[in-house]
Amino acid sequence: MATVTLPATAAPTQWTIDPAHSTAEFLVTHLEVTDVDGTFTKLSGSATIDDDDLSKSRVTATIDVSSLDSGIQMRDDDLKSSEFFNVAAYPTMTFQSTKIWKTGDGTAKMTGNLTLHGVTKEVTFDVKDPAPPPNQPAPRRTAEATANISRAAFGMTTDSTLIGDDVSITLDIQLVKASAAPAH
């Protein structure tokens with residue numbers, strides 16, 4: 001009698017963003033010559049990842065806009081003001097995925113709704129390495145997601161002659177299995 005062994009299918013797993021090891025960065029052109037960058041240091045969120053069928057995966061994330069850090073306090077205060085992010089009225093930005101699909105070995109695309117400055121728009125991120133890194137002692141996985149957005153599309157039009165409209169976003173994320181405690 002012959003026995004056929006089928007590969008076990010992995011169930012979708014729950015993950016949380018490890019805020020101590022994750023960042024959200026932006027880059028925008030200033031005076032059409034130099035680039036200005038900054039980081040949001042307070043992130044939270046979760047993911048349900050189905051390694052067998054990535055299209056069944058889902059991601060949600062929230063960024064505390066007041067955690068903006070460009071390295072220059074005066075610029076940070078200006079960016080947090082009502083002229084730009086308006087942190088008093090819109091303290092967070094959120095992302096909710098609507099579609100995730102594999103594009104190659106170690107790459108994927110993720111489309112979803114980004115809410116920023118009180119405006120929600122569909123944004124697609126290019127994702128690299130949405131898989132567990134090798135030889136990790138704790139149940140972790142990492143990913144880098146990049147996208148470009150128009151700041152005017154989100155209602156941020158102040159100083160449009162000085163500050164570029166195209167904003168590059170890079171998310172460097174570490175996820176921890178929901179049942180595991182984050183390492184420090």
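Leaving aside its neighbours within four places in sequence, with which residues is F85 in contact? F85 is in contact with F40, V65, L68, L79, K80, Y90, M93, L116, H117 and M156, where contact means heavy atoms within 4.5 Å.

## Basis of the model

This is a predicted model, in which local features need pLDDT of at least 70 and side-chain atom pairs count only at pLDDT 80 or more, while totals for chains, interfaces and linings use all residues. Residues are numbered from 1 along each chain as its sequence is written, and side-chain values use heavy atoms, with hydrogens and water left out.

The structure holds three aromatic pairs. Rings of Phe, Tyr and Trp (its six-membered ring) pair if their centres lie within 6.5 Å; planes under 30 degrees apart count as stacked, over 60 as edge-to-face and the rest as tilted. F26 and F40 form a tilted pair, at 5.7 Å centre to centre and with 45° between the planes. This pair links distant parts of the chain, with F26 in strand β2 (residues 23-30) and F40 in strand β3 (residues 34-40), 14 residues apart. Helices (H or I, at least four residues) and strands (E, at least two) are DSSP runs, numbered from the N terminus.

The ring centres of F40 and F85 are 5.6 Å apart and the planes stand at 90°, so this pair is edge-to-face. Because F40 lies in strand β3 and F85 in the loop between α1 (73-80) and β7, the pair ties together parts that are 45 residues apart in sequence.

## Burial and nonpolar core

Both F26 and F40 are buried, a term that means under 20% relative accessible area, with exposed over 50% and partly exposed in between (1.4 Å probe, protein chains only). The relative accessibility of F40 is 4%, and F85 is buried with a relative accessible area of 10%.

A nonpolar core is a set of buried Ala, Val, Leu, Ile, Met, Phe, Trp, Tyr and Cys residues joined through side-chain atoms within 4.5 Å. The largest one has 40 residues, of which F40, F85, F125 and I149 touch the most other members. Strand β11 (residues 163-177) gives the most to this core, with six residues.

## Strand pairing around β7

Strand β7 (residues 92-104) runs antiparallel to β5 (residues 58-64), joined by five bridges; two strands pair if DSSP finds at least two bridges between them. In this pairing, T62 stands opposite T94 in β7.

Nine bridges connect β7 with the antiparallel strand β8 (residues 107-116), and W101 stands opposite K109 in β8. The hairpin of β7 and β8 has two residues between the strands, and G106 takes a positive phi near 80° there.
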